[in-house]
Each structure stands twice: as C-alpha cells, then as structure tokens.
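The structure comes next, then the points by topic.

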Amino acid sequence: MLAHDRTGSGPPLLLVHGLGSCKEMWRPLMPMLERERDVIAVDLPGFGASPPGPTTVAGLTDAVAAFADGLGLDGWHVAGNSMGGGIALALGAAGRVRSACAVSPIGFARGREIAYGRGTLAATRVLARALTPVAPAVVRSRVLRSAFSAHVAARPWRIPAEDMLLWTRLYAEAPSFWALLRDAPGWQAPTPSCPTTVAWGDRDRLLIFSRQAPRARRRLPEARHVVLRGCGHVPTWDDPEQVARVILEASA
C-alpha cells in the first residue's frame with residue numbers, strides 16, 4: 001500500500017504529485033477540496049513515504065491504478081501536477097477514471113525543452129542534497145527559500161518554511177529520482193477518453209508555458225484548457241484557491 005493522506009467526503013478524487021515531490025504539495029488545497037470530495041493524496045512509489053517501485057511513467061500509472069483498486073475506489077477522479085499530470089492523462093487514456101485534470105503536465109516537451117527540464121531537475125536534486133545538512137537554517141529565510149524554488153513557483157516566498165524543509169529533504173532522498181528523470185521528461189502524453197482538463201501556470205519556467213501549453217491545446221483539442229494566472233510550474237502555493245477551483249470544476 002502506498003503512503004497517502006485521505007480526508008473529506010464526496011466523489012473520490014486522487015491527487016498525484018510530480019517528480020521529486022510528495023503528497024504534502026497538495027496541503028494548501030485540502031481545506032477547499034475536502035468540503036466537496038473524498039480526497040486521497042498519494043506518495044508515488046519511490047517518493048515521499050512510499051517504498052520504491054516502478055521507475056517509468058507507464059509503471060507508475062499502473063501502480064496508481066492498482067492503489068485505487070486496493071482502496072476499492074469506484075468512479076474516481078484524478079488530478080496531477082507535472083509527472084503526476086502525465087499520469088493523470090495516462091489514466092484517462094486507459095479508461096480508469098471519470099475525469100482527469102493535468103496541471104502543467106509532462107508529455108508535451110520536444111527537443112531542447114527535454115534537455116532543459118532534465119538538466120534543471122538534476123541540478124535541483126544536487127542542490128537539495130547539498131543543502132540538506134543546513135536546510136533548517138536556510139528555510140527560515142524567505143529570500144533563500146525564494147532563490148531555491150523560483151524555478152517551480154511564481155510566488156516562492158509563499159511556501160512555508162516547514163513545507164520547504166520537508167520538500168528539500170524528500171527531494172534529496174527519493175530513491176526513484178534518477179531513473180524517473182531519464183524516463184519522464186521525454187515521455188509523450190496519450191489522448192484521454194474521459195472528460196479532461198489541462199491547466200497551465202502562465203509563469204511556468206520549467207515546462208515552458210508559452211511553448212508547451214499551446215502544443216497541448218493542439219494535441220488534445222477536445223480537452224478543456226485553462227490558464228492559471230500568476231502561477232508557476234507547481235502552483236499549489238502560488239494560488240491555492242485558483243487551483244482548487246479548477247480541480248473541482250474538472251471533477252464535477
């Protein structure tokens with residue numbers, strides 16, 4: 001069984017994090033989501049508190065589907081960010097979910113964008129490992145927190161110190177990181193068969209909004225495409241109300 005947090009009541013909604021992240025990335029949204037959904041935030045295999053497992057996007061998709069089966073979920077919705085957004089699209093293509101919401105998902109990068117994303121995430125991993133011994137002191141500074149996370153958040157100063165500390169430690173320790181870094185950046189998204197929403201932060205500097213969001217519109221013309229105004233690649237701290245609203249609308 002994968003590590004997960006479950007709260008709220010209503011239609012089941014599974015939340016899937018991105019590469020190097022963890023279920024706690026969804027905490028800012030929980031007060032809004034749990035009022036209307038049975039929310040399950042999961043740690044993917046090899047990340048957070050979950051044991052290692054598959055090291056490809058396809059394998060993680062199967063693991064999430066098996067996890068949902070193990071919980072006995074029926075007619076469930078999924079929302080994911082980054083790699084988790086790609087998993088959400090893959091679950092939609094496999095006919096496993098009622099709806100899929102992909103927030104700044106992988107699956108639409110090309111050429112140099114793939115190398116850029118892989119290089120940025122690799123550098124973040126190296127920096128996280130270097131900072132781990134002094135992280136408790138570093139995260140107390142809003143300036144240093146912002147410098148460390150400006151490539152993923154548009155308003156990095158909004159990330160609480162305790163969340164930044166947890167994220168830094170888990171990013172540095174994730175045993176599946178390097179294997180997924182080889183697979184995920186170049187993975188190409190399939191076409192879901194369920195109602196689908198693709199939401200993209202207009203300040204996404206990692207999976208570049210100006211290039212990859214238009215490509216997603218062309219590749220998935222039947223999907224609902226939403227711009228998250230003032231948000232970066234991981235938008236849950238940037239504007240939790242806006243992100244929660246989009247997810248609730250997608251899973252209505």
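**Salt bridges and helix packing**

Asp69 and Arg96 form a salt bridge, with their closest N and O atoms 2.5 Å apart. A salt bridge here is a side-chain nitrogen of Lys or Arg within 4 Å of a carboxyl oxygen of Asp or Glu. This is a predicted model: local features need pLDDT of at least 70, side-chain atom pairs pLDDT 80 or more, while totals for chains, interfaces and linings use all residues. Residues are numbered from 1 along each chain, and side-chain values use heavy atoms, without hydrogens or water.

**Salt bridges**
- The whole structure holds ten salt bridges.
- Lys23 and Asp5 pair at 3.3 Å, N to O.
- Lys23 lies in the loop between strand S2 (12-16) and helix H1 (30-33) and Asp5 in strand S1 (residues 4-8), so the bridge ties parts 18 residues apart in sequence. Helices (H or I, at least four residues) and strands (E, at least two) are DSSP runs, numbered from the N terminus.
- Asp5, Lys23 and Glu24 are linked in a salt-bridge network.

**Burial** (relative accessible area with a 1.4 Å probe, protein chains only: buried under 20%, exposed over 50%, partly exposed in between)
- Lys23 is buried at 9%, whereas Asp5 is partly exposed at 35%.
- Asp69 is partly exposed at 46%, as is Arg96 at 30%.

**Helix H6**
- In helix H6 (residues 142-149), Arg145, Ser146, Phe148 and Ser149 are buried.
- Val143 and Ala147 are exposed on the face turned away from that buried side.
- The buried residues of H6 pack against H4, helix H5 (135-138) and H7.

Note on methods: Contact = heavy atoms within 4.5 Å.
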